[in-house]
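Hi,

Here is the structure I promised to send over. Have a look around first, then read my notes below.

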Amino acid sequence: LLFLDTPAGRFAEPEKVYETVQGTLDKIFAGSTFEVKSVSECDAHVQIYREENGRAYTEENETSYDSNRDLTLKKDDINKLCNQFGDEYLIYVRVATTGTRSTSGVFSSGKKVNVVTDFRVWSKAKGDFVYLARKTTTGGSETVNLGGVFGRGSGSTEHAVEKGLAKALQEVEKDKAKIMAAMQ
């Protein structure tokens, strides 16, 4: 079971975040007997859980429609979600970002962002997390400005988030043996 919380596309495309996380899970669980469900298989159930427990709300007026969710989930919530699916383990990944910072140089400008990635594995049998990692990384994206027609651009916040997330997940991948041992 995979449970992924992201900042809902605020600074990065959700599809790219999902793809990056899924790629890491494929590497960690390659050759194992564990089946990791995709985000699309789990996401709707997690949203319903939030709605049923007062952790999601919608605001609507004449000019806008805004849906939000409370990203804080307690261990009891994680346990209930794990039980709802009937799985032995739940993988909880949460990706959060800071605001974008602009950078500039003589011939370049860019964006930087801090990415905080929580990667946790919940064990139904133990009723607790058996693996915890919190990685804080910085991602950046630059545009080279040569002046004239080519002098436009200032880096991409989306690419900065993707790079920061990729760095964090590479660190988690290094813990493959620890993760697999914790799940035995």
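In which hand does α2 pass α3, left or right? The crossing of α2 past α3 is right-handed. Before I go on, please keep in mind that this is a predicted model.

Let me stay with that pair for a moment. Helix α2 covers residues 39-52 and helix α3 covers residues 75-85, and their axes come within 11 Å, crossing at roughly 130°. Angles over 145 would count as roughly antiparallel and 65 to 115 as roughly perpendicular, so α2 and α3 are oblique to each other. On the α2 side, the contact is made by E41, C42, H45, V46 and Y49, while α3 brings D77, K80, L81, Q84 and F85. Sort the residues of this α2 and α3 contact by class and you get five nonpolar, two polar and three charged.

While you're at α2, click on R50, which sits in that helix. R50 has a relative accessible area of 2%, and the cut-off for buried is under 20%, so R50 counts as buried.

Now zoom out to the whole chain. There are five helices and seven strands in the protein chain. Going along the sequence, they come in the order β-α-α-β-β-α-β-β-β-β-α-α. The protein chain has 184 residues, and 39% of them count as buried. If you take the contacts between residues at least 6 apart in sequence, 63% of them join residues at least 24 apart.

The other helix pair I looked at is α1 (residues 14-29) with α4 (residues 157-173). Their axes come within 10 Å and cross at roughly 15°. Angles under 35 degrees count as roughly parallel, so that is the label for α1 and α4. Here too the crossing is right-handed, with α1 passing α4. From α1, the residues making the contact are K16, V17, T20, V21, T24, K27 and I28, and from α4 they are E162, L165, A166, L169, V172 and E173. By class, the contact of α1 with α4 has seven nonpolar, two polar and four charged residues.

What about the inside? As background, nonpolar side chains in soluble globular proteins tend to be buried together. In this model, the largest nonpolar core has 26 residues, and the members touching the most others are V21, F29, I91, V93, F119, V121 and I179. Two or more residues of this core come from each of β1 (2-5), α1, β4, β6 (108-123), β7 (128-144), α4 and α5 (176-182).

- E88 sits in the loop between α3 and β4 (89-97). Its relative accessible area is 45%, which makes E88 partly exposed. Setting aside neighbours within four places in sequence, E88 is in contact with C82, W122, S123 and K124. One of these, W122, is 34 residues from E88 in sequence, yet their C-alpha atoms are 8.3 Å apart.
- K167 is part of helix α4. With 40% relative accessibility, K167 is partly exposed. Beyond its neighbours within four places in sequence, K167 is in contact with T137 and T138. The C-alpha atoms of K167 and T138 are 8.3 Å apart, and the two residues are 29 apart along the chain.

Happy clicking!

How values were computed. Residues are numbered from 1 along each chain as its sequence is written. This is a predicted model: local features need pLDDT of at least 70, side-chain atom pairs count only at pLDDT 80 or more; totals for chains, interfaces and linings use all residues. Side-chain values use heavy atoms; hydrogens and water are left out. Axes are lines fitted to C-alpha atoms, for helices over the stretch in contact, and angles run from 0 to 180 degrees between N-to-C directions. Helices (H or I, at least four residues) and strands (E, at least two) are DSSP runs, numbered from the N terminus. A crossing is left-handed if the near helix is turned anticlockwise from the far one by less than a right angle, and right-handed if clockwise. Contact means heavy atoms within 4.5 Å. Ala, Val, Leu, Ile, Met, Phe, Trp, Tyr, Cys and Pro count as nonpolar, Asp, Glu, Lys and Arg as charged, and the others, Gly among them, as polar. Buried means under 20% relative accessible area, exposed over 50%, partly exposed in between (1.4 Å probe, protein chains only). A nonpolar core is a set of buried Ala, Val, Leu, Ile, Met, Phe, Trp, Tyr and Cys residues joined through side-chain atoms within 4.5 Å.
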